[in-house]
Amino acid sequence: MTSDVSLDLFEKHANLNFVNKDLLRLALTHSSYANISKKDEFSNERLEFFGDAVLKLIISEYLYFKYPKESEGYLSKLRSKYVSDKLLSLLADEINLGNYLLLSFGEEKSGGAKRLSNLANAFEALLGAFYLDQGLDVVRRFLLDLIKKVETLDLFKKLQDYKSDLQEYLQHKKLALPEYRLLDQIGPDHDRQFVTEVSVVLNGESITEKATGTTKKDSEQVAACKLLAKLHNF
């Protein structure tokens with residue numbers, strides 16, 4: 001989509017309000033489109049470079065205040081997940097970014113509008129463009145509103161390996177590794193639910209959490225996630 005009407009539709013859907021529409025168009029311009037354009041168009045690659053820095057700044061600030069007791073190493077590992085292509089593609093999907101990318105015919109025909117790398121790169125470019133147009137405070141609100149929305153999705157939770165995160169957390173704190181115990185299996189074979197308990201010992205006290213999942217592995221992951229959240233509050 002190339003018209004001003006299309007840009008307006010995207011802004012409305014994504015809750016954006018660009019003053020400089022040329023910046024928005026540039027953020028949506030893939031290199032394949034720029035290479036074949038007869039209008040000497042530039043691609044979004046420079047904005048992607050700039051937006052990557054904006055993204056890391058905002059996410060670093062978000063995690064720094066969200067986890068005030070955690071070490072630099074733990075925060076760095078967590079940040080790497082928040083700036084990964086998989087997470088950025090989820091954010092892009094939330095605002096239907098792929099539907100508005102400017103792609104060459106060949107790139108579009110080969111599925112470029114849904115390609116994870118294209119979505120992630122364009123989302124970074126969008127952040128860079130929005131920063132140049134509106135400033136840091138506006139971009140921060142836009143990004144964190146999306147982040148907090150995506151954090152509630154099952155797809156986001158599946159991106160996280162909470163069992164590994166819990167193990168790394170406990171090793172960092174020099175605590176014993178967690179123990180997982182299958183408590184129950186509920187329902188018929190075609191709709192089985194698994195109930196798992198995970199426990200750790202902290203200051204001589206056993207800290208536990210329970211979770212239910214459609215597989216034993218899923219129930220362990222959710223239990224680990226819940227226990228991590230509880231430990232962060234100690």
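Two strands count as paired if DSSP finds at least two bridges between them. Helices (H or I, at least four residues) and strands (E, at least two) are themselves DSSP runs, numbered from the N terminus. With that in hand, let's walk through this predicted model, in which local features need pLDDT of at least 70, side-chain atom pairs count only at pLDDT 80 or more, and totals for chains, interfaces and linings use all residues. Residues are numbered from 1 along each chain as its sequence is written, and side-chain values use heavy atoms, with hydrogens and water left out.

**The sheet**

Val201 stands opposite Ser206 in β3. Strand β2 (residues 193-202) and β3 run antiparallel and are joined by nine bridges. On the β1 side, seven bridges hold β1 and β2 in an antiparallel pair, and here Gln185 faces Phe194 in β2. The hairpin of β1 and β2 has six residues between the strands, and Gly187 takes a positive phi near 95° there.

Put together, the three strands form an open sheet in the order β1-β2-β3, with antiparallel pairing. β1 (179-186) and β3 (205-213) each have a single partner strand because they stand at the edges, so one side of each is left without a neighbour in the sheet. From one strand to the next, the twist averages 20°; axes are lines fitted to C-alpha atoms, for helices over the stretch in contact, and angles run from 0 to 180 degrees between N-to-C directions.

Helix α12 (residues 216-232) packs on this sheet and touches β1, β2 and β3, its direction making about 140° with that of β3. Contact here means heavy atoms within 4.5 Å.

Now to some loops. Asn15 lies between α1 (4-14) and α2 (21-27), Lys174 sits in the loop between α11 (162-172) and β1, and Asn203 is found between β2 and β3. Their accessibility is tabulated below, where buried means under 20% relative accessible area, exposed over 50%, and partly exposed in between (1.4 Å probe, protein chains only).

| Residue | Relative accessible area and class |
|---|---|
| Asn15 | 66%, exposed |
| Lys174 | 76%, exposed |
| Asn203 | 77%, exposed |

Most residues other than glycine have a negative phi. Lys174, however, has a positive phi near 60°, and Asn203 has a positive phi of about 55° although it is not a glycine.

Finally, a distance across the model: Asn15 and Gln221 are 206 residues apart in sequence and 34 Å apart in space, C-alpha to C-alpha.
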